[in-house]
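Thanks for coming, everyone. Please look at the screen for a moment before I start.

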Amino acid sequence: GAIINALMLLRKLLQDKIYQPNQDWLSFCVRVTLASVVMAICLLYFVDINWWQQWQTTERILHLLKWITIGFVVYVLSLLLFGLRMQHLLLTSDKC
């Protein structure tokens, strides 16, 4: 529901020319989407749900923290591999 509302708002803002996205937004969205797909594939491939059933609570917490960290590292490295740099995330006065 939230995605539908956001898309409807975006469509209206674009139609009324209230919001005009920068040219860099498309490449940014593609990079973020690709990095998300790489992270998801990595986690789906390496995490076995059967392990979760066998672990005690402490082991579950430790393994969950491990996989969150691995997912984060894979995501960030994927973003870097796909060309996203820190300056792409910073606003400069000429782009405002």
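First, the ground rules. This is a predicted model, where local features need pLDDT of at least 70 and side-chain atom pairs count only at pLDDT 80 or more, while totals for chains, interfaces and linings use all residues. Residues are numbered from 1 along each chain as its sequence is written, and side-chain values use heavy atoms, with hydrogens and water left out.

Now the fold. The protein has five helices and zero strands. Read from the N terminus, the order is α-α-α-α-α.

How does the radius of gyration compare with that of a compact globule? The protein has 19 Å, but a compact globule of 96 residues would be near 12 Å. The radius is taken over C-alpha atoms, and the globule rule is 2.2 Å times the number of residues to the power 0.38. Along the principal axes, the C-alpha atoms fill a box of roughly 55 × 30 × 20 Å.

Next, the surface. Its accessible area is about 8,200 Å², and carbon and sulfur atoms hold 69% of that. The areas come from the Shrake-Rupley method with a 1.4 Å probe; for residues, only the protein chains shown count as cover. Of the 96 residues, 10% are buried. Buried means under 20% relative accessible area, exposed means over 50%, and partly exposed lies in between, with a 1.4 Å probe and protein chains only.

What about contacts, meaning heavy atoms within 4.5 Å? Take the contacts between residues at least 6 apart in sequence: 70% of them join residues at least 24 apart.

On to helix 2. This helix covers residues 24-46, which is 23 residues. From first C-alpha to last it reaches 33 Å, close to the 33 Å expected at 1.5 Å a residue. That expected span is 1.5 Å times one less than the number of residues. Its buried residues are Arg-31, Ala-35 and Cys-42.

Now the rings. How many aromatic pairs are there? The count is four. Rings of Phe, Tyr and Trp (its six-membered ring) pair if their centres lie within 6.5 Å; planes under 30 degrees apart are stacked, over 60 edge-to-face, and the rest tilted. Trp-25 and Phe-28 have ring centres 5.6 Å apart and planes at 85 degrees, so they are edge-to-face. Both sit in helix 2, three residues apart, about one turn of the helix. An α-helix has 3.6 residues a turn, so residues three or four places apart point the same way. Trp-25 is partly exposed at 43%, and Phe-28 is partly exposed at 25%.

Tyr-45 and Phe-46 are also edge-to-face, at 4.8 Å between centres and 90 degrees between planes. Tyr-45 is exposed at 65%; Phe-46 is partly exposed at 44%. Trp-51, Trp-52 and Trp-55 form one aromatic cluster.

Last, two single residues. Is Ser-78 buried or exposed? Ser-78 is buried, because its relative accessibility is 6%. It lies in helix 4, residues 57-81. Leaving out residues up to four places away in sequence, Ser-78 touches Ala-35 and Val-38.

Ala-2 is in helix 1, residues 2-15. Ala-2 is exposed, with a relative accessible area of 64%. From Ala-2 to Leu-90 is 88 residues in sequence and 27 Å in space, C-alpha to C-alpha.

Methods:
Helix = DSSP H or I, 4+ residues; strand = E, 2+ residues; numbered from the N terminus. Contact = heavy atoms within 4.5 Å.
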